[in-house]
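Thanks for coming. Please have a look at the sequence and the structure before I start talking.

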Amino acid sequence: MKAIFPLIFLLVACDQQAAPPTNQAASAQPPAQPAEAAAKPFVAEEKNELIDFHFGWSAEATAVPQLVERFRADLDKAKAELIAGANTDKAYRDKEGYDFHPHSSSTDYKTAGETARLLSLAAEIASYTGGAHGNYGTSALLWDRSAAKEIKAADLFAATGNMDRRLTQPWCDALNKAREEKRGEPVSGDGMFDECPALGDISIIPTDKDGNGKFERLQLVADPYVAGPYAEGSYEIELPVNGDLVAAIRSDYQPSFELQPQ
C-alpha cells in the first residue's frame, strides 16, 4: 500500500492592520500592539487513492476551546477509522479481484445561529465505505457558554415533557405534509415509513437566519431511513418560534429566542 499523504490543514484568515495615527502626538507614541487574531474556521483534508477525508468547523466553534479539543479528538478518531476500514476493504477486493473505490468521510460543523449565551451548530455528515451508495445525515450541537457545556434541546424547556407537548404535533403535521408532497399521495398510516419519528430520533437545531443574535426558528431534520426510505432523502421542517413555545422555555434561556417576524 502506498504511503498516506500528509494531512493538509486549511485555515482561513484575514490580516488585520492597526489603525494609523491621526495626529502628531499619536504618532510619537509607541506602536500599538496588534489585537488578538479573530477566531477562524478550520478545515482538515486528505485525499488519495485510499481515502477522501474532510473535517471542519466554523469560526464560532473555534472560539470555544472545549469544542476545539473535542473536535480535534473526533477528527483523529474518524480519520483513523476511515483508513483502517479502507485498508481492510482494499485488501479483500484485491484478493478477490474486485474494483476498489476510495472510502470517504466528511464532517462539517456550521453555525446555525448564536446568541449571547448559546451557540447552535449543525453538522453535515457524509460517508462512503464501499457499499452500493454512501450515507449522509445531520447532527445538532447546542453549546451553553455560561455553563461551558453542551446541552440538549430538551434542556431549554422549563419542565420535563414541555418539548414534546409543544413540538410533537406541529412536527408530525408538517412532516406528513412533506411526505405527501414527495410521494404524491396521502400518508396511509400503516406503511413502513408512515409513523412520525420521536423528537429524540431527529436533530433539533435552533436557527437565527437574520443574524440578529436571537433564534426565531427551530429546524427539525430527519435523516434518510428515519422518516422515509433512502430515495426520499432527508426531511427538513422549520417551525417558527411562537409565544407558546417561548412560554415553555426556561426563563434564563428565553432572551435567546424571539417571535418569528410575520
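First, the ground rules. This is a predicted model, in which local features need pLDDT of at least 70 and side-chain atom pairs count only at pLDDT 80 or more, while totals for chains, interfaces and linings use all residues. Residues are numbered from 1 along each chain as its sequence is written, and side-chain values use heavy atoms, with hydrogens and water left out.

Let me begin with the sheet. Strands S8, S9 and S10 form an open sheet in that order, with antiparallel pairing. Its edge strands are S8, residues 203-207, and S10, residues 235-240, and each of these pairs on one side only. From one strand to the next, the twist averages 25 degrees. Helices and strands here are DSSP runs numbered from the N terminus, with at least four residues of H or I for a helix and at least two of E for a strand. Two strands pair if DSSP finds at least two bridges between them.

Strand S9 covers residues 217-222 and is joined to S10 by six bridges. Helix H4, residues 162-183, lies across S8, S9 and S10, and runs at about 135 degrees to S10. Such angles run from 0 to 180 degrees between N-to-C directions, and the axes are lines fitted to C-alpha atoms, for helices over the stretch in contact. Contact means heavy atoms within 4.5 Å.

Now the hairpins. Alanine 122 has alanine 140 in S6 as its bridge partner. Six residues lie between the two strands of this hairpin, and glycine 130 takes a positive phi near 100 degrees.

S6 is also joined to strand S7, residues 149-151, by three bridges, again antiparallel. Here aspartate 144 has lysine 149 in S7 as its bridge partner. The hairpin of S6 and S7 has four residues between its strands, and alanine 148 in the turn has a positive phi of about 55 degrees.

How many disulfides does the count come to? It comes to one, where the rule is a pair of cysteine sulfur atoms within 2.5 Å. The pair is cysteine 172 and cysteine 196, with their sulfur atoms 2.1 Å apart. It links distant parts of the chain, since cysteine 172 is in helix H4 and cysteine 196 is in the loop between H4 and S8, 24 residues apart. The link is left-handed, with -95 degrees about the S-S bond.

Is cysteine 172 buried or exposed? It counts as buried because its relative accessibility is 15%, and buried means under 20% relative accessible area, exposed over 50%, and partly exposed in between, using a 1.4 Å probe and protein chains only. Cysteine 196, at 27%, is partly exposed.

Glycine 113 is in strand S4, residues 103-114, and counts as buried at 6% relative accessibility. Its C-alpha is 7.0 Å from that of proline 206, although glycine 113 and proline 206 are 93 residues apart in sequence. Not counting residues up to four places away in sequence, glycine 113 touches Leu118, Leu119, Ser120, Asp208 and Phe215.

Glutamate 216 is in the loop between S8 and S9. At 1% relative accessibility, glutamate 216 is buried, and its side chain reaches the backbone nitrogen of lysine 209 at 2.8 Å.

How values were computed: A polar contact is a pair of N or O atoms within 3.5 Å; within protein, one must be able to donate a hydrogen and the other to accept it, and residues adjacent in sequence count only if both atoms are side-chain atoms.
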